[in-house]
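Me: Please take me through one part of this model in detail, the part you'd zoom in on yourself. Keep it chatty, but tell me the cut-offs as you go.

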Amino acid sequence: MVLKIKNTLFQMSEWGDYSYEIDLILKDGTRINAMGHGKKSKIQEDAKILAEFLGKPLWDASEMKILDKKMFQDICKRAKEYPELLDAQTKRKLEELRERF
């Protein structure tokens with residue numbers, strides 16, 4: 001099991017706000033939401049305490065950017081317009097992601 005801190009963008013205003021959550025990720029990939037906060041420093045503190053108590057590693061992904069479908073479609077469009085700017089690894093990753101979206 002791993003504890004993961006993640007950020008979630010939610011739309012309560014025209015700008016959007018972030019919420020932070022702790023998920024327990026089990027060996028089979030199942031995710032269990034343990035708790036959430038609007039304050040990143042508090043969720044990081046709580047996650048560290050919980051990880052130490054459980055004796056499990058902590059993955060802090062709170063800085064990861066969220067890629068939504070529209071953003072991904074825009075990236076794909078630009079990649080088609082300027083394929084010479086992409087290296088082989090980036091092209092493969094875009095193809096993998098394209099299958100998921």
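Reply: Of the 101 residues in the chain, 23% count as buried. Buried here means under 20% relative accessible area, exposed means over 50%, and partly exposed is in between (1.4 Å probe, protein chains only). The accessible surface of the chain comes to about 7,800 Å², and 55% of that belongs to carbon and sulfur atoms; the areas come from the Shrake-Rupley method with a 1.4 Å probe, and for residues only the protein chains shown count as cover.

Some ground rules. This is a predicted model, where local features need pLDDT of at least 70 and side-chain atom pairs count only at pLDDT 80 or more, while totals for chains, interfaces and linings use all residues. Residues are numbered from 1 along each chain as its sequence is written, and side-chain values use heavy atoms, with hydrogens and water left out.

The chain has three helices and four strands, running β-β-β-α-β-α-α from the N terminus. Helices (H or I, at least four residues) and strands (E, at least two) are DSSP runs, numbered from the N terminus. Among contacts between residues at least 6 apart in sequence, 38% join residues at least 24 apart; contact means heavy atoms within 4.5 Å.

The part I'd zoom in on is helix 1, residues 40-54. Helix 1 has 15 residues and reaches 21 Å from its first C-alpha to its last, close to the 21 Å expected at 1.5 Å a residue. That expected span is 1.5 Å times one less than the number of residues.

Which residues of helix 1 are buried? They are Ile43, Asp46, Ala47 and Ala51. Seen down the axis of helix 1, the buried residues fall within an arc of 135 degrees, so they line one face of the helix. The arc is that of the directions from the helix axis to the C-beta atoms. After helix 1 comes Gly55, with a positive phi near 70 degrees.

The largest nonpolar core has eight residues: Leu3, Ile5, Tyr20, Ile22, Leu24, Ile43, Ala47 and Ala51. Strand 1 (2-10), strand 2 (17-25) and helix 1 each supply at least two residues of this core. A nonpolar core is a set of buried Ala, Val, Leu, Ile, Met, Phe, Trp, Tyr and Cys residues joined through side-chain atoms within 4.5 Å.

Leaving out residues up to four places away in sequence, Ile43 touches Ile5, Tyr20, Glu21, Ile22, Met35, Gly36 and His37. Ile43 and Glu21 are 22 residues apart in sequence and 7.1 Å apart in space, C-alpha to C-alpha.

From the strand side, Leu3 sits in strand 1 and is also at 0% relative accessibility, so Leu3 counts as buried. Beyond neighbours up to four places away, the contacts of Leu3 include Ile22, Leu24, Ala47 and Ala51. The C-alpha atoms of Leu3 and Leu58, 55 residues apart along the chain, are separated by 4.8 Å. Ile22, with neighbours within four places set aside, has contacts including Leu3, Ile43, Asp46 and Ala47.

The structure holds one salt bridge, and that is Asp46 with Lys42, their closest N and O atoms being 3.2 Å apart. A salt bridge is a side-chain nitrogen of Lys or Arg within 4 Å of a carboxyl oxygen of Asp or Glu. Both partners lie in helix 1, four residues apart, about one turn of the helix. Asp46 is buried at 13% relative accessible area, whereas Lys42 is partly exposed at 32%.

Lys40 has a relative accessible area of 24% and, not counting residues up to four places away, touches Tyr20, Ser62 and Glu63. Lys40 and Tyr20 are 20 residues apart in sequence, with 6.2 Å between their C-alpha atoms. Gln44 is at 27% relative accessibility and, past its neighbours within four places, is in contact with Ile5, Asp60 and Ser62.
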